[in-house]
Amino acid sequence: MDSSYQPPAELLAKFGFRSNSSPAGQVRYSRPSEVGQETVVLYADGEMTLLEAVNGQMLYCFQGRVASEAELRVLLRQVNWPAEVSG
């Protein structure tokens, strides 16, 4: 499966994520959570990583690809991250 979906910056901003500085080949977005910080890393090859820092410790939540915005929302819910537009 070669097709993968990467969420646009506008959607991540609606979810409350803000752009962070990133190394070449990736783009990072983070938002505060109730217990730490949630980060989405988008890679140039179509993969993504979801990371969560809790009490100063980094936890991997997911690394791979999703096929659509709907699949991204399901993934966010599976790792207990809000997947609604913040307002």
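The mean positions of the 7 positive and 10 negative charges of the protein lie 5 Å apart. Here Lys and Arg count as positive and Asp and Glu as negative, with His and the chain ends not counted; each charge is placed at NZ of Lys, CZ of Arg, CG of Asp or CD of Glu.

This is a predicted model, in which local features need pLDDT of at least 70 and side-chain atom pairs count only at pLDDT 80 or more, while totals for chains, interfaces and linings use all residues. Residues are numbered from 1 along each chain as its sequence is written, and side-chain values use heavy atoms, leaving out hydrogens and water.

Let's look at the whole protein. From the N terminus on, its elements run α-β-β-β-β-β-α. With a radius of gyration of 12 Å, close to the 12 Å that the globule rule gives for 87 residues, the protein is as compact as a globular protein of that length (C-alpha atoms are used, and the rule is 2.2 Å times the number of residues to the power 0.38).

| Property of the protein | Value |
|---|---|
| Box filled by C-alpha atoms, along the principal axes | roughly 35 × 25 × 20 Å |
| Share of the 87 residues that count as buried | 36% |

Thr39 is buried, at a relative accessible area of 10%; buried means under 20%, with a 1.4 Å probe and protein chains only. The side chains of Thr39 and Ser30 are joined by a polar contact of 2.8 Å, a pair of N or O atoms within 3.5 Å, one able to donate a hydrogen and the other to accept it.

Key: Buried < 20%, exposed > 50% of the residue type's maximum accessible area, 1.4 Å probe, protein only. Helix = DSSP H or I, 4+ residues; strand = E, 2+ residues; numbered from the N terminus.
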